[in-house]
Amino acid sequence: MSTDNTFNITKVSSTRVENVNLDDPGFGERFSDHMLEVEYREGQWQKPSIKPFGTIEVTPALNTLHYGQSVFEGMKAYYADENTVNLFRPEKNHQRLVRSCKRMCIPPVSEDVFIDGITKLIKLDHQWVPQKEGNTLYIRPFVCAFDPIISARVSDSYRFFIITTPVGSYYNRPVKLTTSQKYARAVKGGVGAAKTAGNYAASLYPAQEAEEKGFDQVLWLDACEHKFVEEVGTMNIFFVIDGVLVTPELSGTILPGITRASVIQLAKHWGLPVKERRLTIDEVMEAGANGTLDEAFGAGTAAVIAPVEEIHHDGQSVRFDFEQRGPVGQKLHDQITDIQWGKAEDPFGWITPISVNS
Ligand SMILES: Cc1ncc(COP(=O)(O)O)c(C=O)c1O
């Protein structure tokens with residue numbers, strides 16, 4: 001074990017990377033050699049440890065397992081060249097993690113531990129960052145309550161982990177979405193804006209029903225009236241209506257996506273009209289029917305810009321006949337991925353490059 005004053009580091013004796021096909025890694029199935037773990041006890045976060053990836057032993061009474069007091073993040077590391085791996089706006093993921101922690105009564109993790117932890121992990125495991133276009137190393141930081149007690153109360157102890165996994169593309173074809181008049185993802189005053197486990201657990205059953213009907217995902221509507229468009233399970237949603245890029249405003253029930261914010265910033269930079277506003281599903285369907293709905297796409301770290309092939313609502317469908325993305329979605333996709341992969345200029349300072357050979 002070595003220590004650099006701020007981290008205890010135990011390296012693997014030999015890498016497992018040769019056992020993984022980085023050209024076709026799947027999504028979240030294999031994990032790189034090292035992980036980070038930090039304990040919170042006696043009112044403070046302790047010294048972080050980087051160690052070989054492996055199982056953790058927990059009591060079945062661990063309160064996270066019962067009450068879901070946990071939050072997570074999702075981000076990617078991009079291969080730029082043999083010496084450089086890029087992170088995309090990692091400070092934004094940290095800021096969102098802190099907001100999620102606050103909502104879930106979890107002590108926040110410092111930006112230093114978050115960013116330095118990721119940087120050290122990437123330096124150690126840089127051979128795990130796929131080089132094939134479109135493939136990346138997905139980074140999953142998460143915090144969970146660690147009291148060994150069955151009691152629905154705020155925990156006194158926590159663990160922060162970062163694990164990484166090589167991934168391919170999340171969707172390999174345009175997605176089919178359906179609304180639900182019966183289920184809702186998040187309610188006003190609830191935890192929809194936090195990246196917390198329960199939001200995803202709650203959406204599984206409706207997503208399964210949608211899949212049985214031939215759709216990929218639910219296009220969530222607001223929980224009160226089932227009228228206003230919110231987002232998709234793992235992506236924010238955008239529409240191009242009559243030349244204007246429209247996305248639902250952040251209302252507290254939607255996850256404030258980092259890709260969403262980047263799409264808006266880029267589109268405004270290009271002079272494209274952008275509106276963050278309340279938007280009814282009827283308006284979307286009507287625009288689809290009268291020919292003013294030019295495009296629809298999802299935006300998220302995992303899916304990047306995912307074109308929508310179909311939106312189904314209340315017995316009606318709007319279909320798009322692009323084989324891939326529409327022109328606006330394609331332009332955004334290309335520009336964002338080029339910045340992420342270090343192939344285009346980075347006018348907004350979005351990239352944090354990591355030198356992996358120093
Ligand atoms: C529910 C939900 N909405 C939107 C997003 C997109 O957020 P981001 O662009 O930060 O990945 C995600 C993915 O993290 C998500 O899980």
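Reply: This is a predicted model. A polar side-chain atom of Glu231 lies 2.5 Å from a nitrogen atom of the ligand. Oxygen atoms of the ligand take part too. One is 2.6 Å from a side-chain N or O atom of Tyr200. For Arg96, the distance from a polar side-chain atom to a ligand oxygen is 2.8 Å. The protein buries 96% of the 390 Å² that the ligand exposes when taken alone.

Now the site itself. The ligand sits in the largest pocket. Around the ligand there are 17 residues. Lys195, Tyr200, Glu231, Thr259 and Thr301 come nearest. By class, the shell holds six nonpolar, seven polar and four charged residues.

Next, the elements behind the shell. At least two shell residues come from each of β13 (229–232), α5 (258–269) and β17 (293–300). Both strands and a helix therefore contribute to the shell by the DSSP assignment.

Last, the protein as a whole. Its secondary structure comes to seven helices and 20 strands. The C-alpha trace spans about 65 × 50 × 35 Å along its principal axes. The protein has 358 residues, and a compact globule of that length would have a radius of gyration near 21 Å. The protein's own value is 21 Å, so the two agree.

Key. Residues numbered from 1 in each chain as written. Predicted model: local features only at pLDDT ≥ 70, side-chain atom pairs only at ≥ 80, totals over all residues. Heavy atoms only, no water. Near = heavy atom within 4 Å. Polar contact = N/O pair within 3.5 Å; in protein donor to acceptor, adjacent residues only side chain to side chain. Areas by Shrake-Rupley, 256 points an atom, 1.4 Å probe, with all protein chains shown as cover. 1 Å grid on protein atoms, 1.4 Å probe; cavity = no way out; pocket = protein on both sides within 12 Å on 5 of 7 lines; lining within 4 Å. Sits in = over half its atoms within 2 Å of the grid points. Helix = DSSP H or I, 4+ residues; strand = E, 2+ residues; numbered from the N terminus. Nonpolar A, V, L, I, M, F, W, Y, C, P; charged D, E, K, R; others polar. Rg over C-alpha atoms; globule rule 2.2 N^0.38 Å.
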